[in-house]
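Colleague: I would like to learn how to read a model like this. Please give me the general idea each time, then the case at hand.

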Amino acid sequence: MYPREQTIFALSSGRPPSAIALVRMSGAQAASVVLSLAGKLPPARMVRRVLLRDTDGHPIDDALILWFPAPASATGEDVAEFHVHGGRAVLAALFGALSSFPDVRAAEPGEFTRRAFENGKLDLTEAEALDDLINADTDRQRRLALRQLKGLLGDKARDWRSRIIAASALIEAGIDFSDEGDVPAELIAPALAQVKTLLHEIEEVLAAQGRSERLRDGLVVAIAGPPNVGKSTLINQLARREVAIVSPHAGTTRDIIEVQLDLDGYPVTIIDTAGIREASDPVEQEGVRRARARAAEADLVLWMSDPLHEARPPDHGTPVWRVRNKIDLAPGSPQSASTGGGSGNSRGDAEFEISASRGDGMTELVTALAGFAEHCVGSEEVALITRERHRQLLGVVAGALRRSLAVKEQGEELVAEELRGAAYSLGRLLGRVDVEDVLDVIFREFCVGK
């Protein structure tokens, strides 16, 4: 799918038109292409201003060029960067000129990063972190992705793998010297002690309950309740723009409306669902069905009511906060109030009184939502696992280490075999052994030019 002998190029900056556009090229033909278009090869890692010309000698653009010879480049191959003016016509002319060279083609999504991975510039956890960094919507997501890109999990996995291999070497040495009296016991005892320490470290990481995956993917908060209680007004307030139609007629919201919010650095998706009631219209019935399903899948449900529409929330096992709306219309009610939930607890016993149309009580509700997100996600400073793939493979490693301790009385050979399996799974985590089945899936998610 990714022919390595071909040279690739792509726009690595934003969509045109723009003031400046960056076009990257990587591969064995990069030097000859630069010589043909620019007339000379610039010094390594130094910017040079040149007039780019196509193969017929026609000028393309007054540009800047950078040259990164292999292996000291982002991909480990020869890399050239063209900084040109970001007009569509300029880019079309440059792409046309680049495509005219033999074995030079436009890059597939993620192909630059895949070549960096295959040339040892990144391990697979760092490549995944690069994709997370590109797609980060909040500052906390950015910080977590950057720490992973700098080797947060990869360095730890390499350390674990080297220690497992060292313990395995001791076990196998004990097997080789089994006829030397006390030698096997002297080797096996420290190896098993190391395995116990490793197992404890990995189990602590796995016990984080997927909090870092939640920070990467974001929390889901569903707004649910009877029709006409102000659900759409509330989501408009939270989004600070008109994202949902507000109408006095019941059943206006028939499909699910989603809004992504940044609450104190935590990514939260707010869902406005159809009013839950017994409906006769088939379209509204489908909207109610979807509303119930999304509420059941959410991390938190804001169950709304008002003085005229009181109803008990359905029990989905999801934390539920009761939000009583339209307090400005209820006789004798306070102008704004909130009770409970200020700490963002996850027990589902928080209650709020608001006026979504006027904004009363919204500050308390938003603060509580940010607190709930912090409670669910925790600090990204202690997060190691950011994807389900990481969690599954570390679970396999932990299982192999447990079995290695359990079978020690049955023979050192079985212990050594389990340790080999644990080291192999850590190699898969880093992408260094037998991961062809996952590479296409991972790198297909990248944008073109990265």
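Modeller: Start with burial. Buried means under 20% relative accessible area, exposed over 50%, and partly exposed in between, with a 1.4 Å probe and protein chains only. Leucine 234 is buried, with a relative accessible area of 0%. This is a predicted model, where local features need pLDDT of at least 70, side-chain atom pairs count only at pLDDT 80 or more, and totals for chains, interfaces and linings use all residues. Residues are numbered from 1 along each chain as its sequence is written, and side-chain values use heavy atoms, leaving out hydrogens and water.

Colleague: Which element holds leucine 234?

Modeller: Helices (H or I, at least four residues) and strands (E, at least two) are DSSP runs, numbered from the N terminus. Leucine 234 lies in helix H9. The protein comes to 14 helices and 13 strands. Buried residues make up 49% of its 450 residues.

Colleague: What does leucine 234 touch?

Modeller: Contact means heavy atoms within 4.5 Å. Setting aside residues up to four places away in sequence, leucine 234 touches Ile223, Leu302, Met304, Ile354, Ala356, Met362 and Leu365. Take methionine 304: leucine 234 is 70 residues from it in sequence, and 9.4 Å from it in space, C-alpha to C-alpha. For the protein, take contacts between residues at least 6 apart in sequence: 64% of them join residues at least 24 apart.

Colleague: How many residues does the largest nonpolar core have?

Modeller: A nonpolar core is a set of buried Ala, Val, Leu, Ile, Met, Phe, Trp, Tyr and Cys residues joined through side-chain atoms within 4.5 Å. The largest has 34 residues. Leu234 is among those with the most contacts inside it, as are Ile223, Leu302 and Trp321. Elements that give two or more residues to this core include helix H9 (231-239), strand E10 (300-305), strand E11 (320-324) and helix H11 (362-377). H11 gives the most, with nine residues. Apart from this core lies another, of 33 residues, among them Ile171, Ala191, Val195 and Val397.

Colleague: Do E10 and E11 run parallel or antiparallel?

Modeller: Two strands pair if DSSP finds at least two bridges between them. E10 and E11 run parallel, joined by five bridges. Tryptophan 303 stands opposite arginine 322 in E11. E11 also pairs with strand E13 (residues 351-353) in the parallel sense, over three bridges. There, arginine 324 has glutamate 353 of E13 as its bridge partner. For the antiparallel case, see strand E3 (residues 48-53) and E4, with six bridges. Arginine 53 stands opposite proline 59 in E4. Their hairpin has five residues between the strands, and glycine 57 takes a positive phi near 90°.

Colleague: How do I read helix H13?

Modeller: Check the span. The expected span is 1.5 Å times one less than the number of residues. H13 (residues 412-430) has 19 residues and reaches 27 Å from first C-alpha to last, close to the 27 Å expected. Its buried residues include Val415, Leu419, Ala422 and Leu426. An α-helix has 3.6 residues a turn, so residues three or four places apart point the same way. Just after H13, glycine 431 takes a positive phi of about 85°.

Colleague: Where does serine 73 sit?

Modeller: In the loop between strand E4 (59-68) and strand E5 (79-86). Serine 73 is buried, with a relative accessible area of 9%. Leaving aside neighbours within four places in sequence, serine 73 is in contact with Phe68, Val79 and Lys121.
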